[in-house]
Amino acid sequence: MSFRKRSEVIGGGPTPQRGAPVSPIPGRGPVVPRGPISSLNRQIPARDAIRSPQSKSKDDLEAIMSNPAVRPSLITSQPTISTGASDLDKILLHQGLPLGHSLLLEESSTTDFSSVVLRAFVSQGVMHNRITKDKLHSHVIVAGVPSQWANDLPGLYKGSSKEQKKAKIAENESKVSVSNLSNRVASGRNDLKIAWRYGLNQKASGEEFGENSSYENYNNQFDITQKLTPGPSSQDISFVRISPNFGDIISQIEGIIKLQLKQDPSKTIRLVIPSLLNPTIYSPIFSAPTFIIPFIHTLRAQLRKYENSLSLIASICLELYPRDSSLTSTLEGLFDSVIHLQPFNQEMSQLIEKAYKNEPAKIQQGLVNIIKLPVLSEKGLMMIHDGEYAFKNGRKKFEIEEWGIPVEDVGKDEEQQTTKNIDF
Amino acid sequence: MTTTHNQDLILFEDHSLIPESIISGEESYSAIISHLQGTSPTWLINSLIENSIQNTATLVNNDLTVKQTGRSKTIFISFINNKDYYSKGCKKNGIDLNTVTDFTYIDCFTDLFTKRIKDPSKASSQVTSLFQELNEVISSQTGSRKVVFIEAPEILLRATNITSNELLNHLLQLNKTCRQLFIISAKDYPDLDAAMPEDPVFKVTDYFVKLLHRSSLHISIQPLLTGRANDITGSLIVSKGPISYKSINVSEKEYIFNITKDSNIKLFFR
């Protein structure tokens, strides 16, 4: 009798790689599965996308795909950049925001969670400039707010205090010393003895080809309690002031884009417009439809013009401009994707805090409603998802997860009474 | 056990999308394609472009399979998309818009507010000259068999100071240059109680109501009223407008449809 792992194929030989299925029809390429699948599979559409004859300008596309800040979309294989919040990347379904597209973050209530996402988007752009020395991969343009806005950009998440301690221990252990070397040899042998049945060794080797190795610099995790150090320089970020003539703003933005792309055509440009039309930043004349709609319309035209370089995220407060107002509905039409952050009201917050009083890490702060997703909504797919996701803004990251109404645990006292009765 | 069968999309009683009798006739008709947030009509527009150019509708009608070259001159005017968008979309329909000679794309999107309308607060004359230019381009096409699509002209009402009557007048002039005009408009949040004529909400509502009153066909696309469903994208309602077609009747029906991520379309009767 011999032991065999359940997942192992009878007949020996190496198990076929799921990521590269062999086409049953000669002359056709491998069938590429869609949706969230193993990281190994994601490499295949990537390479196919680069060679796709459908691309408008093959050279441009190849240049942009060589940028470590860019990866192909999981759905359409278009060049895509990370928003800086990995969960937001996931619900956008492309694993990020496709270049040449825009995202409008709408927020109800008087909170400012959207600025967390926007700052992470900026930080992500700045971090991409620190991947390789003497090479800038990204440039951020922030419109409408003063340069002090960038003082609060979140820094990299370095792990919890436990993890940081572990990292220190690991660092010490990695130093060459006689005791470390002897320990390492002994533990390695134990792994082999115990773990061969569970395929642990295979897993470790599989990770080498996984998502992290292919696009390891694609996104980072940001900690809102940390500041980005060193702060962004003028090479990383530019600020554009809003003036009453939208044509001037557009020409300023386009000037920066042209300058940056002249330096390096493979650069990605992240345009950020925080708190659009917020009266603390914008004077009332900017709220006139003859200003704001032509402005956003022209930005949409710019996004299509620089479809392999530029992407835009803006945020707007729904308390000032409700969704059923003409202005917001027009903006929703002009943006390629729209996400609505809906913080919980006080009653709901109290209920959740009560339900999760023993697990404060589970407390969510609001709902994430998807109204429009890039490319898919344009194709005609109905992508409205109301109340299906919830967000929590933790130190670790801006987390988005599936929403479920918490169950209030009220039965503890009753249970105690019951046990007493049974004893009797 | 009941089985559901895919239905072919038809707009007229002769089982067609754009009938020959309209294209070869002498009258000019207008049709409205209205849509709501969540159900973009791009798939329908692509199929209508295909039908207008070569009389087929690969994705929505299995009976319309015979290609007819030189069927009509198709002119597409868009205020919110560029040509690339429709060129990519129509590839699924088997048409390369970059090579089709009977297709003309007029881009009113890319430089609308940078070159064509520089001052949106005093836009009346600029909008007039824009539509004059459109009329000239359409008139320069040879023959009378012309089908024109105009997408999102209501952006002019929302972004500039022109009145709804001005825009409707321009669209009427445009309609006279062709046999069939399709006007594609979003009808999100119309407010019939809006009272201020300068208010864009009033202007858009007024425009939409008046447009409906002078149309011959109305195709409305909207999400399901009952909420989201995984296997149904939305509903499509075909209804006739107040001005009837002389030669043919509109086939009034309600469909529900499903679009997959691969842009495959399935239609069912409701």
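A nonpolar core is a set of buried Ala, Val, Leu, Ile, Met, Phe, Trp, Tyr and Cys residues joined through C-beta atoms within 7 Å. In this predicted model, the largest such core has 158 residues. The residues with the most contacts inside this core are A:Val117, A:Val122, A:Val142, A:Val272 and B:Val148. Helix 4 of chain A, residues 113-128, supplies the largest share of the core, nine residues.

Beyond its neighbours within four places in sequence, A:Val122 is in contact with A:Val140, A:Val142, A:Ala150, A:Leu153, A:Ile237, A:Arg270 and A:Val272. Two of these partners, A:Val142 and A:Val272, are also listed among the residues with the most contacts in the core.

Chain A as a whole comes next. Its secondary structure comes to 14 helices and 14 strands. Of its 424 residues, 39% count as buried. Among contacts in chain A with a separation of 6 or more, 69% join residues 24 or more positions apart.

Helix 10 of chain A spans residues 289-305. Its 17 residues reach 24 Å from first C-alpha to last, close to the 24 Å expected at 1.5 Å a residue. Of those 17 residues, 14 are buried, so helix 10 is largely enclosed by the rest of the structure.

Chain A also holds an open sheet of three strands, in the order 1-2-3, with antiparallel pairing.

| Strand of chain A | Residues |
|---|---|
| Strand 1 | 70-72 |
| Strand 2 | 79-81 |
| Strand 3 | 97-98 |

Strands 1 and 3 are the edge strands; each pairs on one side only. Strands 2 and 3 pair over two bridges. A:Thr80 stands opposite A:Pro98 in strand 3.

Definitions and conventions: Residues numbered from 1 in each chain as written. Chains lettered and ligands numbered in written order. Predicted model: local features only at pLDDT ≥ 70, side-chain atom pairs only at ≥ 80, totals over all residues. Helix = DSSP H or I, 4+ residues; strand = E, 2+ residues; numbered from the N terminus. Buried ≥ 20, exposed ≤ 12 C-beta atoms within 10 Å, placed from the backbone. Contact = placed C-beta atoms within 7 Å. Pairing = 2+ DSSP bridges. Expected span 1.5 Å × (residues − 1).
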